[in-house]
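Biologist: I would like a close look at one part of this protein. Please keep it brisk, and walk me through it in one go.

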Amino acid sequence: MSLARKDTDAGLRALVASTNIKPEQKVPQVLSKLQDILNRISVQDDRELGAFKKSLFSHGILQYCAGDALKLNYAKVEGGYATATQLAEILSSCCVGVDMGGDTEAFHRRLLPSVTDSLLSLASRLMNRALAGNGQPEMFRFFKKVMGSVCWLLKAHGHLAAQVLQSDHYERMLMSEEERVGTVCVSLWHQLLTANSELVAGLGKGPLSVILDDVVYRMAHTSNPVVGGAAIRTLLLVARQQESALQLIIHRFKGLEGMIGREWRGRGFDEEVDQLIKLLHREVSKPADHTEVKYRVFVVVRVCVCLTLSLCYQTWPEECVRAACVIQAAWRSYQTRRRVKSLPRAVRSLQRSFRERRRRRAQQAQAVCWEEELRLQLCVRRQRARREFHQKQLQLLQLLPPGQVQQYLGEVERQAAIQIQRVWRGHRERRNFQLRRNAHTQHRAAVVLQRTVLRFLKRRRAEKAPPSLSPWIGPRGLTDSRRAELKREVEEHIALHPSSVVSLEGSRELHAQTQALLLQHLQGREAELREHTHTHALLAQINTDLELLLNAPSLSVATVTDCDVFRSRSAPVAARARQSHNALLQSGRLPWWKMLGDGDITCPESESAHKDHRLEAEFNSLYLGGS
């Protein structure tokens, strides 16, 4: 481990162990240091990254992030819930791909369950804020990122899936009727089952039933193709991975095949739908029926006989006609005997077809009954889960302090009112949309017609307009070879045609004078810039003084603080201001005949000299802006 890494780790450990910093201020600093170290180590060897993750666990930094950091109220933390989301992503990534050596039991038995519970708690809080009436749109995006961190953790540690299914926080997500939350939950299990094919065998019947109930319920109560596609792919993965899971789906959800085939065909994933229906519906195909073929052969033979008889009546003699009549009578008697003999078989065929038709009707009725029973079972399970959830909430309510009961009940009532309003508004909008469909169709048709007419008129005007001249194409840029060629031509021309006005020595002297003038201008430019800056500073000072004088309060309401604004830190300025003030006060006490002159009013020099030292000690000076 490098020396810089050791110093950084020591600083991070000291920051985590510090008690002088508030927790709300400590979390952003810890997150910043972790991101900085991971960004630097991620470009190095994987062994270095694994060693760093192990050191985070051994020094308690991961325990701090999972225990104290993620349980804070991030409304008071810098960065808000974006900081919590980044910390959750870093925490889940640091728990994956770590070789703990001798601390395997402590890592798997203590840290990982704590990390899972903290991530689910944070996801539950983000879901509640996203579903609130005044929730911010980015809260649901943070919720998806945190659930992605949970998925990343479960892909590496599949034994945590049972803890997730038994968590109260995940149970709140299952109780939510929001379609976006359902999409995230179904996608979570689809990704896990895709990445880990042995997860179904390790879950057991109880946890697997919880997953299947939620997936089938989401699929049966939504029309969103994203949710339906993820649900069907999840069921297909479960059915393929284990035969017992397929039997569980068949016996637990009767009528699922008909619902999938009727509601989810033509949504973009027909191949998965057909594969799932084929797994659920295992029947041997029936043999082909040859009755129709035999009937057609019989019709062809009879037509040939009729054509032969018609030819006999037209061309053959009387004996042949009589022989043909005998043959026809024999053929008809044969047909009659054959029909009488095959009558029991026809009756059996009729009975068989009737029974087959009745069996198909019974199967259809049973499929409809199973589908209704499936919906009823899902609703019953949903209500049972809600009742258990409410019982847990009541138990939690009993544990609350008496002062927080009314606040909790008010929050629950507000959430229920918001949910009822959301469902009613959706129903009302769907009903109004059916009424507005014709007007909407007419509006779209009018827009299409207008666009077509406008394009047609534009095309006609373009055909009637006179042809426009081609735009002038300017010269292209010079290449290096062309530039060198032009330079050589210019030098040859100057050599063949020297100037008669200025000689070569005169041109060089003029160039030297120009360079000298340019150097003199550049050297004097700095002094001009300093003078320009000083002028702007004086103008700013004068403007500041004018603004202070205009906004100054009257003497009747002025305070010591207001007077300090107009004092200066320069002693000579303060002394001169004091002299002027004293002279003005003395002029007010002079007789009137001494006020007739136009001269300036000054105080005696002796008094001024006597008070200079005292004024310098008493006053801090008048304030001048910029001093």
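Which residues of α12 are buried?

Modeller: A caution before the list: this is a predicted model. The buried residues of α12 are Leu 208, Ser 209, Ile 211, Leu 212, Asp 213, Asp 214, Val 215, Val 216, Tyr 217, Arg 218, Met 219 and Ala 220. That makes 12 of the 16 residues, so the helix is largely enclosed by the rest of the structure.

Next, the helix itself. It covers residues 205–220. At 1.5 Å a residue, its 16 residues should span 22 Å. The C-alpha atoms at its ends are 22 Å apart, so expectation and model agree.

Now take one residue from that list. Asp 213 sits in α12. Its relative accessible area is 15%. The cut-off for buried is under 20%, so Asp 213 counts as buried. Its side chain has a polar partner: a contact of 3.0 Å links it to the side chain of Arg 381. Leave out residues up to four places away in sequence, and Asp 213 touches Arg 252, Phe 253, Leu 378 and Arg 381.

One is Thr 85, in helix α5, residues 81–94. Thr 85 is buried, with a relative accessible area of 2%. With residues up to four places away in sequence left out, Thr 85 touches Leu 126, Phe 142, Lys 145 and Val 146.

The other site is Val 453, in helix α19, which runs over residues 405–464. Val 453 has a relative accessibility of 45%, so it counts as partly exposed. Together with Leu 454, Phe 456 and Leu 457, Val 453 makes a nonpolar surface patch of about 360 Å².

Finally, the whole chain. It holds 24 helices and zero strands. Of its 627 residues, 27% count as buried. The accessible surface comes to about 43,400 Å², and carbon and sulfur atoms account for 57% of that. As for contacts, consider those between residues at least 6 apart in sequence: 74% of them join residues at least 24 apart.

Back to your helix, then.

How values were computed. Residues are numbered from 1 along each chain as its sequence is written. This is a predicted model: local features need pLDDT of at least 70, side-chain atom pairs count only at pLDDT 80 or more; totals for chains, interfaces and linings use all residues. Side-chain values use heavy atoms; hydrogens and water are left out. Helices (H or I, at least four residues) and strands (E, at least two) are DSSP runs, numbered from the N terminus. Buried means under 20% relative accessible area, exposed over 50%, partly exposed in between (1.4 Å probe, protein chains only). A polar contact is a pair of N or O atoms within 3.5 Å; within protein, one must be able to donate a hydrogen and the other to accept it, and residues adjacent in sequence count only if both atoms are side-chain atoms. Contact means heavy atoms within 4.5 Å. Patches are made of residues with over 30% relative accessible area and no salt bridge: like charges are joined within 9 Å, nonpolar side chains (Val, Leu, Ile, Met, Phe, Trp, Tyr) within 5 Å. Accessible areas come from the Shrake-Rupley method with a 1.4 Å probe; for residues, only the protein chains shown count as cover. A salt bridge is a side-chain nitrogen of Lys or Arg within 4 Å of a carboxyl oxygen of Asp or Glu. The expected span of a helix is 1.5 Å times one less than its number of residues.
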